[in-house]
Amino acid sequence: MKDTFVTDSIRYIGVDDKTIDLFESQYVVPNGISYNSYLILDEKIAVMDTVDRRATDEWLANLERELGGRTPDYLVVQHMEPDHAGNIQTLAEKYPGMQIVGNAKTFPMMERFFSFDLTGRKVVVKEGDTLSLGRHTLTFVMAPMVHWPEVMVTYESSEKILFSADGFGKFGALDAEEDWDCEARRYYFNIVGKYGVQVQALLKKAAGLDIAMICPLHGPILKENLGYYINLYDIWSSYRPETEGVFLAYASIHGNTAKAALALREMLEKRGMQVACADVCRTDVAECVENAFRYSRMVLCASSYDGGVFLPMEDFLHHLKAKTYRSRKVALVENGTWAPSAAKAMGEILGSMKDITLCDKTVTICSAVKEETLRELEQLADAVAAM
């Protein structure tokens, strides 16, 4: 059994889900996902969010064990997405005297998801409102569009804990032995990344709080070196590159474009550049999105297809656009036997993004990689290094 003690009076009652294949039916989670929920034990008892209905029985068992026969007074609903709100009605019916805490945007959503009677049970809070549990005092901070409009976070002042909703979350069950940065970055850019402006606004609010611990709704509780995690969120949400280097993404039909991309990778590395390389036809698109945002430069190498660009590359670029990819330097390599069209198609999609600087040099391959192709790629490597 996991250590349930967050502090002496705050317990972890969440659940790891290791049977899920795709989180939100789109993100590969080889190490599962955690649905985090917390219990504050005081004169009054508060449950901080529920969990996905996939984990109902285990979550209820965790809750009842930690309650030890007591009854919760409040359920605080920070986010109405079903992976956190899936058991609101279950809990409300189990404890009919329990009040439900949310903001003005929370309850209309709740009524769309559920059918139980909320009469006399709603505690509607707004920015800066507080709720005393006894020794613990909760202060509510609105975080609209991080990443739904009703989202709020909660600060507990006596133990200096920020319950951060989806902020500072990551993919992976709690017992997964993996790098926090990588899976938190993939989680951030694919789920929250479009809303950088709103995340920046929340970070400014959080800067005024004395935070000793961050309790997210996915991933591990953060207890040490909080400045490191907050700084990463500041970088990510301001669309600044985290790493100086190149993300080289390629989409090859018969292997010739892949050969050119791998040759270019060696050329860039010989120039001292850090390069991450991915075949977008075979690599998780969410991982490609993560790396595109991580690095300061991107090189796209793609085959032409039906007068446009090979569809896996087109799909990747549309994912980037949806997540507000911006403020990066990009170079293009295209391949086409009779009518190369990939560079034009990629450029048009990139042109709809903000603050994208395209390299002056584009390399066009006509089928196979020849000596003259390699010479052009060397020139491109120089141009990318100089960008």
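## Residue classes

Ala, Val, Leu, Ile, Met, Phe, Trp, Tyr, Cys and Pro count as nonpolar, while Asp, Glu, Lys and Arg count as charged. The others, Gly among them, count as polar. The structure described here is a predicted model.

## The largest pocket

By these classes, the lining of the largest pocket divides into 13 polar residues, four nonpolar residues and one charged residue. The space in the largest pocket comes to about 330 Å³. Of the 18 residues that line the largest pocket, Ile253, Ser304, Asn335, Gly336 and Thr337 are the closest to its centre.

Two elements, helix H8 (256-270) and strand S18 (295-305), each supply at least two residues of this lining. The largest share, three residues, comes from S18.

Strands of a sheet pair through backbone hydrogen bonds, either parallel or antiparallel. In this model, five strands form an open sheet with mixed pairing, in the order S11-S12-S13-S14-S15. Strand S11 (130-132) and strand S15 (213-215) are at the edges. Each of these two has a single partner strand, so one side of each is left without a neighbour in the sheet. From one strand to the next, the twist averages 20°.

## Pairing at one edge

Leu131 has Leu138 of S12 as its bridge partner.

Notes. Residues numbered from 1 in each chain as written. Predicted model: local features only at pLDDT ≥ 70, side-chain atom pairs only at ≥ 80, totals over all residues. Heavy atoms only, no water. 1 Å grid on protein atoms, 1.4 Å probe; cavity = no way out; pocket = protein on both sides within 12 Å on 5 of 7 lines; lining within 4 Å. Points joined across faces, edges and corners; volume = space filled by probe spheres on them. Helix = DSSP H or I, 4+ residues; strand = E, 2+ residues; numbered from the N terminus. Pairing = 2+ DSSP bridges. Axes fitted to C-alpha atoms, helices over the stretch in contact; angles between N-to-C directions.
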